[in-house]
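I have opened my notebook to get to know a new structure, and you are welcome to read along. Here is what I looked up, entry by entry.

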Amino acid sequence: MSDIIVAIDPGREKCGLAVLHRQCGVLEKAVIASGQLLETLQDYCTRYDVEVVVLGNGTSSAEKAVSIRDFLHRMCARRISLQLINEYKTTESARIRYWRENPPKGWRRLLPLTMQVPPVPVDDVVAVLLGEKYFNLF
C-alpha cells in the first residue's frame, strides 16, 4: 500500500500535479506547463518518497503515460509504479471544491456558483481528486 503518491491531471497545454500522503493529505500541488512535467515529476520523486504516480486517463494521457513510464524506468533507482485512474467528471468536482475552499467575495457571492468559473486553473485540484480517488480504491 502506497503512502506517498504523485497525482497528475494531464493536459496539452498545462498539467495539474499534487503530492499526497495517505494520512496527511496534500503535501504540495501546482499547475505547470506540460513541457515541465518530467522535470517537476523528477523534483517531486527526489524530495518525497514517492511509491506511485497516478495519471488521469483524460486528455493526452496516452502520450503522457508513455513518456512517464520511460522516465520512471530511466531516471528512478527504485521502483515507482504508474497507475491510470478514471477522471470522469473530476473537473466539475474540482470547481465545486475550489469554491468551497475559496468562497466568492463581494458581489460575486450573490451569483450562483454554477454560473461562475474559478479565476484560476483548477488542474491542481483535479490532481488532488485523482489522488484521493486512488487512495479510496487501494
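Before starting, I wrote down a cut-off: a residue is exposed when its relative accessible area is over 50%, and buried when that value is under 20%. I also noted that this is a predicted model.

**Entry: a surface patch.** I looked up Trp107 and found a relative accessible area of 57%, so it is exposed, the cut-off being over 50%. Trp107 sits in the loop between H3 and helix H4 (123–137). Together with Leu110 and Leu111, Trp107 forms a nonpolar patch on the surface, and the three share about 360 Å² of accessible area.

Entry: In soluble globular proteins, nonpolar side chains tend to be buried together. I went looking for such groups here. The largest nonpolar core has 21 residues, and Val6, Ile8, Leu17, Val50, Val53 and Ile68 have the most contacts inside it. Two or more residues each come from strand E1 (4–9), strand E2 (14–21), helix H1 (37–47), E4 and H2. A second, separate core has 19 residues, including Ile5, Val126, Val128 and Tyr134. I then picked Leu17 and listed its contacts beyond four places in sequence: among them are Val6, Ile8, Ala30, Leu37, Tyr44 and Ala127.

**Entry: positive phi.** I checked two loop residues. Ser60 is not a glycine, yet its phi is positive, at about 55 degrees. Ser60 lies in the loop between strand E4 (52–56) and helix H2 (61–75), and with 14% relative accessibility it counts as buried. Lys89 also has a positive phi, near 65 degrees. I found Lys89 in the loop between strand E5 (81–85) and helix H3 (90–101); it is partly exposed, at 46%.

**Entry: salt bridges.** How many salt bridges does the structure hold? I noted six.

- Arg47 and Asp43 meet at 3.0 Å, N to O; both lie in helix H1, four residues apart.
- Arg74 pairs with Asp70 at 2.9 Å, and the two are about one helical turn apart in helix H2. Arg74 is exposed at 51%, while Asp70 is partly exposed at 40%.
- Glu132 pairs with Arg97 at 2.8 Å. Glu132 is in helix H4 and Arg97 in helix H3, so this pair ties together parts that are 35 residues apart in sequence. Glu132 is partly exposed at 28%, whereas Arg97 counts as buried at 17%.

Notes. Residues numbered from 1 in each chain as written. Predicted model: local features only at pLDDT ≥ 70, side-chain atom pairs only at ≥ 80, totals over all residues. Heavy atoms only, no water. Buried < 20%, exposed > 50% of the residue type's maximum accessible area, 1.4 Å probe, protein only. Patch = residues over 30% accessible without salt bridge, like charges linked within 9 Å, V, L, I, M, F, W, Y side chains within 5 Å. Areas by Shrake-Rupley, 256 points an atom, 1.4 Å probe, with all protein chains shown as cover. Salt bridge = Lys/Arg side-chain N within 4 Å of Asp/Glu carboxyl O. Core = buried A, V, L, I, M, F, W, Y, C linked by side-chain atoms within 4.5 Å. Contact = heavy atoms within 4.5 Å.
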